[in-house]
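Student: I would like a close look at one chain of this assembly, and then at how the rest is arranged around it. Please take it in order.

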Amino acid sequence: MSDETLLTHHVLEMRGVSKLYSGRAVLDRLTLCVPRGTVVGLLGKNGAGKTTLLRAALGIARIDHGTVTILDEPAWTLSASAKQQIGYVPQSPQLYPWMRVDQIIAYTASFYLHWNRALVERLVTQWEVPLRRRAGTLSVGELQKLALVLALGHEPALLVLDEPVAALDPSARREFLKVVLEIAAGGERTEIFSTHITSDLERVADRVAILQRGAISFFGELGELKDQVKRLAITSTNSLPEQFSLPGQISQRIEGKQALVTTRAWSPGMAGEIESQWHAEVEVQDLNLEEIFLELHDA
Amino acid sequence: MAADFLFQVFPTSGLPIYRQLVDQVRRHVASGRITSGDFLPSVRQVALELEVNAMTVSKAYSLLERDGVVELVRGHGMRIAKRLPASDTLEERQRQLAPLVEQLLAEAYQLSLSPTQVQNLLARAIKERNGK
Amino acid sequence: MHDYATPDHALRENALPEVSRPGHWLKSCRYVGLTYLMRWRFWFFGIWYLLVAWPWREGSVTPFVLVTSMLGGILACFVALHLRRQFATPAAKIVPGFAGPHLAVGALVSGAIWIAVPGIGAWVRALPAWGPIGAHAPVGLLLALVVCWRPAMLLLAVAPISLLATATPVWFDQKSLPNQFIRGDFPEWSWAAIALAVTANVLAARRLVRLPEADTSASDDFSVEPAEEGRITGRWDEWLLRARDAAIRRRLADAGFGWWSVQRWRVPGAISWLHFALATSGGALLVAFVAWAADSRQAATAVAGLVSVAMVFAPVHCWHQRRGATQLEFMRPVTRGQYFGQAALAFGLDMLVWTVLAMLFAAASFSITHWGPFDLRFAVQLLVMLLVVVHCSLAFYSVGLATYRQRYWLSLMAGLCFGWLFAMLTIFGVVAETEYRGRFLLLAVTPLAALALTLAMVRRWRTGDVG
């Protein structure tokens, strides 16, 4: 199998997916195709539907329209063997409060055909997960780590994480991100994680999907996004007209001879075009993911 | 060579990580910190030490390879290539340098340096570089 | 799991206006009052409470007081949980003037429950006020206790027990001690009780203001095992949990053997012999106590029946604690149909075990309390008892499935209601004094209803969202 075919093979395909909660469309004809071996960061405002998207992708939540195919199977009727390949960490994982951590781990392990005990032990030591304590006495961060260990133990081909670092302190977050990278190394595993913290995404993800108004407004390589979305400070010799607009424009502010325009279709030749068309000087500002996200949402 | 001695990336900057890596490699080559024949650290090593996605690093390396700055040596990794003659025309290359020249002149103006003084500065720098 | 039905999210306490002036103070109190009015549980139990407190009949006051204090106790627990939920938020510490209106309205509601309603009842019946109020002082005390320590809710079970323990002679005897107390013949004791309750409430108010932030999503429910952050110190029932650890370990060791596909879902709820022993001996003690205190066979039998029903409820309680983990369980390597089918079967097996135990207990206590020559009536009564247990079991099973995703107290109440309903049907079906033979058909109502409900629920789970 050549690299080409591997790359175009989708581990998750959602087409035209809609989900309504009491009449309101949380997911609205959404399409998302995640290639194998990528780390996809799902970015969206709080309440945008990231959790719903992930639950629909895994067949936990029922969709009202569209199709979801995960690991080549329809998500709603996932087989047991497909689930052997999936690891899921929900947003606020709840486990059995009265059970000891080591028992929960052993219990989860009993479900899977393949369980890497050495890996689990390493993670438990590295993350200082208290084995002898009961799950009900763990803090939120420790619960998150435990849920992550449980999801990693069977070394799934697809790892789905819902706001995995929201409750972790910065050093724990860094450690977690390191593990995310480790697992993804070599392009064998696919990871999808949702977050509203852009800085984590920037480090770890190679693709970003932006969920806005129930649909994916951007899905592609993060580098591409940063290459294409730029803010331009334009100073013209003449007053700029009101109909002044640029291709792929998201927002603009015109004050006399100066304009601040954000475009999502930036190309290297654009500066020269603007300069010649409008007799202006163009200063190109790079936007990081947070600024891009804000620009896209304020539009 | 250790990756974090060579590179410093800012994931939250507006510049994509791969571009930062490409720029830094070019800068190191230009300043002489790494010369032709040196090997760049492996993709895996860079990804691990800088804690970034390996595909990003791999993309940077492919771009550098495409531009002829590095070449792939089987079994060893990426090696800085010998200085190949530039593929762009003279005018193109000069135009690429133009923004930096303008920046240099703007700074010199701020510092109240005369054109002669700037030219002397340039001559001295070139002599130093050729001497190395 | 989201509770989209919580209405006072809309009236989050941060919407309080500045509370410096009296006008604003009243406005805040109105907002706070709305948080009570917008929860249907307060309406439901409040109206029920008032209805029960109203019909006053001549004769002994005791049974009414016992019933009203039971309902008042439930209401008090809800109010206490509501208050805890309000004060365990960051807003409680930061918003200026938060405590005042909330405590004021809380005190008002609390007072309405255990002071105003009995007080009005006293006035209607021309009794001294301190009598009934003093009798309801335990309700006020319970409220204060639950505010400080959630597991105190278990004290709610005391009411039905004492209801039966003080059965027959005391119920209707106008000269009995409890009756005299309620009529206000011991003012010192009444006032002492009232003072105790008031003090407890004041202390509880102080505790509320200092309540640490906790995860409030679970703490608003009757479930006695909240996951509170930072509780590193050992729990009070650690020794019981150790027994469960051993049971879990034993069950895990059976992995792969026998009917493992169903058994594995029973691992988290594994119970050891210690729990069975405790339940049985505790129940026996209770029955003995009631038999001695009330000196009545009926009372002892009733309590034995109650204990059996409580035993049958135990697996529902256990499984309800697990519902948070449904999503994670579902993502393990099982298909949708397999998961729900196996889980329902596992739940059913747990129910079966406890039902058998409950039946044995009921039979044993019945035989002991009705020690005497064997006759047909004895056999019929025993049969009725056993049938009641079975029918309650079926009711709890199906209701447990149906209310799996609801609040715990809903499961409890619904289960108890249906269980009681079907128990009554059973009793009526077997022992009614009528020639109509078809009444035995009533015995089939429960199993059929339970079956229908179970199938409907499993089907709904299969086609709906998980968790």
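Predicted model: local features only at pLDDT ≥ 70, side-chain atom pairs only at ≥ 80, totals over all residues.

Tutor: Along its sequence, chain B follows the pattern α-α-α-α-β-β-α-α. That amounts to 6 helices and 2 strands. The chain is divided into domain 1, residues 3-80, and domain 2, residues 90-131. Taken over C-alpha atoms, the centres of these two domains of chain B are 28 Å apart. Along the principal axes, the C-alpha atoms of chain B fill a box of roughly 50 × 35 × 25 Å. Of its 132 residues, 23% are buried. Among contacts in chain B between residues at least 6 apart in sequence, 58% join residues that are at least 24 apart.

Chain B touches chain A. That contact takes 18 residues from chain B and 19 residues from chain A. On the side of chain A that touches chain B, two or more residues come from each of helix H7 (170-184), helix H8 (198-204), helix H9 (222-228) and strand S14 (280-286). The residues on that side of chain A divide into 8 nonpolar, 4 polar and 7 charged.

In chain A, 6 strands form an open sheet in the order S6-S7-S8-S3-S9-S10, with mixed pairing. S6 and S10 (215-221) of chain A stand at the edges with a single partner strand each, so one side of each is left without a neighbour in the sheet. From one strand to the next, the twist averages 15 degrees. H7(A), one of the helices that supply residues to the contact with chain B, also packs on this sheet, where H7(A) touches S3 (39-44), S7 and S8 (190-195) of chain A. The direction of H7(A) makes about 155 degrees with that of S8(A). Helix H11 (residues 289-298) of chain A lies across S3, S9 (207-212) and S10 of chain A and runs at about 30 degrees to S9(A).

S6(A), residues 86-89, pairs with S7(A), residues 158-162, in the parallel sense over 4 bridges. Within that pairing, A:Gly87 stands opposite A:Leu159, and A:Tyr88 stands opposite A:Val160. A:Ile86 and A:Tyr88 point one way from S6(A), while A:Gly87 and A:Val89 point the other way; all are buried.

The largest nonpolar core has 159 residues, and A:Val160, A:Ala57, A:Leu58 and C:Val389 touch the most other members. Helix H15 (residues 297-321) of chain C gives the most to this core, 14 residues. Leaving aside residues up to four places away in sequence, A:Ala57 touches A:Val160 as well as A:Leu12, A:Met14, A:Val68, A:Ile70 and A:Ala75. In soluble globular proteins, nonpolar side chains tend to be buried together.

A:Ala57 and A:Leu58 are among the buried residues of helix H2 of chain A. H2(A), residues 50-58, is mostly covered, with 9 of its 9 residues buried. The buried residues include charged ones, A:Lys50 and A:Arg55. After H2(A) comes A:Gly59, whose phi is positive, near 85 degrees.

Chain C remains. It has 20 helices and 0 strands, and 41% of its 467 residues count as buried. Among contacts in chain C between residues at least 6 apart in sequence, 75% join residues at least 24 apart.

How values were computed:
Residues numbered from 1 in each chain as written. Chains lettered and ligands numbered in written order. Domains from an automatic or database assignment. Core = buried A, V, L, I, M, F, W, Y, C linked by C-beta atoms within 7 Å. Buried ≥ 20, exposed ≤ 12 C-beta atoms within 10 Å, placed from the backbone. Contact = placed C-beta atoms within 7 Å. Pairing = 2+ DSSP bridges. Axes fitted to C-alpha atoms, helices over the stretch in contact; angles between N-to-C directions.
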